[in-house]
Amino acid sequence: MSVPSLIRLLFLLLLALAPAAAPAEDGYDLWLRYRAVEAEWQQRYRPQAGAIVTEGRSPTIDAAAAELERGLAGLLGTSPARAGAVAGDGAILLGTPRSSATVARLDLPLAPLGEEGYLIRSVTIDGRQATVIAANGESGLLYGAFRLLRLIQTRQPIDRLDLSDRPAIQHRLLNHWDNLDRSVERGYAGLSLWDWQKLPEYRDPRYVDYARANASIGINGTVLNNVNSNADILTAPFLEKVAALADTFRPYGIRVYLSARFNAPMAIGGLDTADPLDPRVRAWWRAKADEIYRIIPDFGGFLVKANSEGQPGPQDFGRTHADGANMLAEAVAPHGGIVMWRAFVYSNEQPEDRARQAYSEFQPLDGRFRDNVIVQVKNGAIDFQPREPFHPLFGAMPETPLAMELQITKEYLGFATHLVYLGTMWEEVLDADTFRPSAGTTVAEVIDGSAHDYRHTVMAGVANIGNDRNWSGSQFDQANWFAYGRLAWDPQLGARDIAEEWARMTWGNDPALVAPIVEMMMGSHQAVVDYMTPLGLNHLMATGHHYGPGPWVDDLEREDWNPTYFHRADGEGIGFDRTASGSDAVAQYAREVAAIFGDRARVPDDFLLWFHHVPWDHRTRSGRTVWDELVVRYSRGVEAVRAMQRQWAALAPRVDPRRHTEVSDFLRIQEREATWWRDACLVYFQSLSRRPFPAGYAPPAHDLDHYRAIRTPYAPGN
Ligand code: BDP
């Protein structure tokens with residue numbers, strides 16, 4: 001053999017032996033990256049990662065086993081064989097007592113785990129050491145499989161396991177605000193994943209990855225379409241498409257739900273009314289439900305936005321929300337379906353403080369809903385603002401199951417480009433004490449049903465998912481999808497623990513990486529509140545798209561769409577008086593809560609201007625005047641973004657270049673926009689307060705006219 005061909009041969013040999021280069025990271029894999037663990041961990045894990053044993057088969061068991069195969073292959077570089085029996089040490093046995101005789105024989109304490117819980121134990125089976133993942137229902141196996149993988153992904157030992165878990169909330173749903181033309185209301189991650197035009201024949205393989213991701217965090221339902229809904233989704237051709245998605249998601253324990261347009265009997269049914277008490281209307285909905293369940297036997301039910309922001313509803317026919325909800329509930333009840341009726345209502349004609357309206361409308365209806373209706377309440381009383389006190393309905397409807405609706409997509413929190421971890425914000429709301437019926441009853445306990453013994457429990461998250469390669473529009477927004485799922489599973493989890501788990505799975509386990517990432521995340525919500533709406537301010541966003549500041553806007557058709565309605569700043573002071581001398585919204589809370597929120601001396605500074613109108617020279621807890629404190633907080637928010645930029649820059653050697661650059665670039669956008677927010681708001685408020693900037697704080701670069709003239713008609717998500 002000639003020398004050159006010898007060299008060639010040698011080269012090819014080397015190439016074959018070299019470890020395959022890891023595929024470039026672009027975020028598609030989310031927290032399910034399954035990149036190889038370090039050598040010493042390989043040693044520790046491998047003995048526990050032998051064959052994957054399933055004695056029975058089903059689509060869900062296969063999905064769980066396939067995930068283990070895929071995960072272990074990536075993490076440990078092994079290709080564990082799929083086997084029908086435990087034959088050697090290190091097997092992972094996956095089964096329910098029904099699917100697996102061995103699991104049945106082990107007589108594990110599965111009873112307390114319900115249908116979706118799971119147990120993972122290191123056991124000995126006929127003298128062989130094995131790990132068993134057992135559950136009563138098959139979706140529990142899926143959750144258990146993902147849990148085992150998560151242990152490895154976060155570098156925890158798996159050789160002496162004895163753990164179990166079950167979800168605290170029954171229905172853990174994503175709400176997609178996706179339109180039939182694939183635009184996504186308040187979506188910043190591209191188009192809708194649902195390619196309606198190509199369904200039902202073509203099922204994008206991405207649908208399976210979507211289902212895997214959701215199953216990995218325990219999400220078990222998805223509302224496919226926008227709450228501002230189009231009745232066409234309920235027509236036969238669309239239902240076939242919906243059925244195709246349902247078939248794809250089913251093995252992953254995920255049911256589909258639809259947003260129903262209340263006047264569908266008129267829009268697509270040829271009736272001249274949608275009056276919920278009209279027998280023809282009731283018959284139409286019953287027939288529609290029957291039609292849906294014929295092709296989607298496990299259809300979850302309906303989500304409804306009625307008589308809100310122009311959507312049709314029962315009040316158009318002189319009926320109540322309960323009449324409307326009960327009519328739909330009756331239609332799906334024979335099939336085991338549920339109706340989620342949104343409490344996000346406010347009306348233009350009502351002179352009442354917008355923050356009070358949902359409570360005024362719904363609280364008196366407590367106990368008037370059929371037993372398969374859940375009233376879905378946003379976390380706060382206004383609208384997904386950067387920070388809101390918990391909604392006063394939580395705790396106030398003991399006879400009606402209440403769901404909490406969170407917004408994962410960051411409509412009011414910097415769209416996809418601002419790094420804002422929402423786990424801390426949600427934790428703050430879930431941990432809030434409702435004092436109903438007594439001290440110590442948190443919002444989480446209302447939602448998980450324990451406070452009032454609810455028969456249904458639901459958590460809903462407005463999805464931030466689109467067809468962008470990284471799913472959520474940004475790498476860090478994946479954390480919000482993840483955190484939402486984890487909190488829906490267990491609302492008692494800590495935001496920091498979730499952040500750490502996500503960081504390890506998404507970026508790597510190097511402590512020098514994990515610690516700063518978690519630190520960035522944990523401070524990020526306070527930062528955005530500071531540079532957008534500090535001290536309890538809210539709704540200062542520009543009109544329509546809500547992109548950027550518009551605190552001066554005062555000319556919209558509805559009074560309660562104007563930022564000036566919300567901040568009420570003038571030459572004397574700033575803030576919305578919601579005490580007894582004002583709208584008295586505080587009275588909707590339990591007495592103990594009202595006593596705190598309603599008292600200027602006791603209200604936390606974070607909610608000062610939400611509940612109080614105070615003079616510019618009012619002293620906050622810091623000892624500074626409100627005006628000075630505004631300047632300090634707005635400036636502090638911008639500084640926090642700059643600190644994140646520095647922290648992230650220092651991580652360059654430890655993060656793959658593509659994702660690192662993307663995050664750096666987004667932080668530059670965030671820094672620019674945070675500065676814009678600070679400057680525009682402060683220059684505007686200064687035009688009213690007529691006070692100087694405190695020493696050491698630079699006044700904005702431009703005058704008010706400059707900021708008022710900024711127009712961004714093409715901002716996304718509108
Ligand atoms: C608001 C959004 C709007 C939604 C509405 C809702 O701006 O797009 O339709 O909430 O939740 O925050 O119904």
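A polar contact here is a pair of N or O atoms within 3.5 Å; within protein, one must be able to donate a hydrogen and the other to accept it, and residues adjacent in sequence count only if both atoms are side-chain atoms. This is a predicted model, where local features need pLDDT of at least 70 and side-chain atom pairs count only at pLDDT 80 or more, while totals for chains, interfaces and linings use all residues. Residues are numbered from 1 along each chain as its sequence is written, and side-chain values use heavy atoms, with hydrogens and water left out.

1. Lys305 puts a side-chain N or O atom 2.6 Å from an oxygen atom of the ligand. For Arg186, an N or O atom of the side chain sits 2.9 Å from a ligand oxygen, and a polar side-chain atom of Asn228 is also 2.9 Å from an oxygen atom of the ligand. The protein buries 97% of the 320 Å² that the ligand exposes when taken alone (accessible areas by the Shrake-Rupley method with a 1.4 Å probe).

2. Who else is around it? The ligand has 14 residues around it, and Glu185, Lys305, Arg342, Asp383 and Glu411 come nearest (near means a heavy atom within 4 Å). By class, the shell has eight charged, four nonpolar and two polar residues. In this scheme Asp, Glu, Lys and Arg are charged; Ala, Val, Leu, Ile, Met, Phe, Trp, Tyr, Cys and Pro are nonpolar; the others, Gly among them, are polar.

3. A helix pair to look at. Helices H7 (residues 236-249) and H9 (residues 279-295) pack at about 40°, axes 10 Å apart. Helices are DSSP runs of H or I with at least four residues, strands are E runs of at least two, and both are numbered from the N terminus. Axes are lines fitted to C-alpha atoms, for helices over the stretch in contact, with angles from 0 to 180 degrees between N-to-C directions. On the H7 side, the contact uses Ala236, Leu239, Glu240 and Ala243; H9 brings Lys288, Glu291, Ile292 and Ile295 (contact means heavy atoms within 4.5 Å). Five of these contact residues are nonpolar and three charged, with no polar ones.

4. Two cis peptide bonds. The Leu199 to Pro200 bond is cis, omega near 0°, and Pro200 lies in the loop between strand E7 (171-175) and helix H6 (206-216). Arg436 and Pro437 are also joined by a cis bond, with omega about 0°.

5. The H12 to H13 loop. Phe435 lies in this loop, and its phi is near 55°, positive in a non-glycine residue. Pro437 is in the loop between helix H12 (423-430) and helix H13 (443-447) too.
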